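Here is a friendly walk through one protein chain, meant to be read with the structure open beside you. Take a moment to turn the model around before reading on.

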Amino acid sequence: MRTEKTRMLRSGEVAKRLGLHPLTVRRWVKEGKIAAVQIGREARIPITEVERLLGEQRAGTIILYARVSGHDQKEDLQRQVQQLEQWARVARTGQQTLTLTDIGSGLNTERKSLQNLLVLVQDYQVAEVVVTCADRLTRFGLSYLRSLFSGYGVTLTVLSPDEDQTPEPELTEDLLAIIASFAGRLYGLRSRQEAALVACAKQVLAAAEKHEEE
């Protein structure tokens with residue numbers, strides 16, 4: 001299981017969250033009322049210190065996020081949900097959770113529940129996002145989401161960071177989608193070249209699958 005590092009805040013942002021003057025925050029740091037880490041000439045304050053002072057103690061919802069690519073994978077979606085909720089009952093006992101699910105490609109950044117999750121994060125309502133494996137959240141660009149979450153003090157927890165749990169048909173669909181996207185940009189959507197390239201990719205994948213079965 002992988003957990004993100006604690007976000008470090010500048011004194012001005014801490015002052016805004018606490019409703020204090022920045023000079024007050026700096027004075028409290030000098031007096032030891034707020035723990036801080038010196039980075040160069042500037043003191044950075046862990047977000048956990050802000051939450052301690054607010055009495056929040058990591059207050060906020062824990063988002064349990066599950067995704068599959070197609071409606072024929074609803075059983076797998078349910079298995080993900082059960083695994084996440086069981087983990088939360090044991091590892092986050094008593095904390096507020098919200099389960100969000102999507103049916104759609106990991107390449108699609110416009111998934112409804114993913115967009116809802118991002119809105120909640122940017123509204124400072126989320127303490128932690130939990131997924132069974134990283135590609136349930138996104139196929140590509142995970143580092144950008146990590147940076148976004150970190151910027152809002154959100155922990156990203158991946159229950160099985162070293163396991164590839166993506167079904168082979170889903171990988172095939174995503175690969176074809178990538179080929180179709182780039183072919184469309186290169187040759188133009190609905191062009192003969194684009195159609196031919198996608199058809200060729202399908203043949204190669206079908207042949208590879210047949211070879212594995214033999």
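## Ground rules

Two strands count as paired if DSSP finds at least two bridges between them. Helices (H or I, at least four residues) and strands (E, at least two) are DSSP runs, numbered from the N terminus. This is a predicted model, where local features need pLDDT of at least 70 and side-chain atom pairs count only at pLDDT 80 or more, while totals for chains, interfaces and linings use all residues. Residues are numbered from 1 along each chain as its sequence is written, and side-chain values use heavy atoms, with hydrogens and water left out.

## The chain as a whole

The chain contains eight helices and seven strands. Of its 214 residues, 37% are buried; buried means under 20% relative accessible area, exposed means over 50%, and partly exposed lies in between (1.4 Å probe, protein chains only). Contact means heavy atoms within 4.5 Å. Among contacts between residues at least 6 apart in sequence, 69% join residues at least 24 apart.

## The antiparallel sheet

Strands of a sheet pair through backbone hydrogen bonds, either parallel or antiparallel. Two bridges link β1 to β3 (residues 42–46) in the antiparallel sense, and Leu 9 has Ile 45 of β3 as its bridge partner.

Pro 46 also belongs to β3, and its relative accessibility of 14% makes Pro 46 buried. Setting aside neighbours within four places in sequence, Pro 46 is in contact with Thr 6, Arg 7, Met 8, Ala 35 and Ala 36.

## Two helices that cross

Two packed helices are described by the angle between their axes and the distance between the axes. Helix α1 (residues 11–18) packs on helix α2 (residues 22–31) at an angle of about 110°, with the axes 8 Å apart. Axes are lines fitted to C-alpha atoms, for helices over the stretch in contact, and angles run from 0 to 180 degrees between N-to-C directions. The two helices are therefore roughly perpendicular; that label covers 65 to 115 degrees, with under 35 counted as roughly parallel, over 145 as roughly antiparallel and the rest as oblique. Ser 11, Val 14 and Ala 15 of α1 meet Pro 22, Val 25 and Arg 26 of α2.

## The parallel sheet

A four-stranded open sheet has the order β5-β4-β6-β7, with parallel pairing. β5 and β7 stand at the edges with a single partner strand each, so one side of each has no neighbour in the sheet. From one strand to the next, the twist averages 20°.

How many residues of strand β4 (residues 61–68) are buried? Eight of the eight are, so β4 is largely enclosed by the rest of the structure. One side carries Thr 61, Ile 63, Tyr 65 and Arg 67, and the other Ile 62, Leu 64, Ala 66 and Val 68. Four bridges join β4 to the parallel strand β6 (residues 126–131); there, Ile 63 partners Val 129, and Leu 64 stands opposite Val 130. Seven bridges join β4 to β5 (residues 97–103), also in the parallel sense.

## Helices around the parallel sheet

Helix α4 lies across β4, β5, β6 and β7, at about 160° to β4.

The buried residues of α5 (112–122) are Ser 113, Leu 114, Leu 117, Leu 118 and Val 121. They cover an arc of only 145° around the axis, which puts them on the same side of α5; the arc is that of the directions from the helix axis to the C-beta atoms. This buried side packs against β4, β5, β6 and α6, while the face turned away carries exposed Lys 112 and Val 119. Just after α5, Tyr 124 has a positive phi of about 60°.

In helix α6 (residues 142–151), Leu 142, Leu 145, Arg 146 and Phe 149 are buried. Their arc is within 105°, so they line one face of the helix. On the other side, Tyr 144 and Ser 147 are exposed. The buried residues of α6 pack against α5, β6 and β7 (155–158). Gly 153, which follows α6, has a positive phi near 70°.
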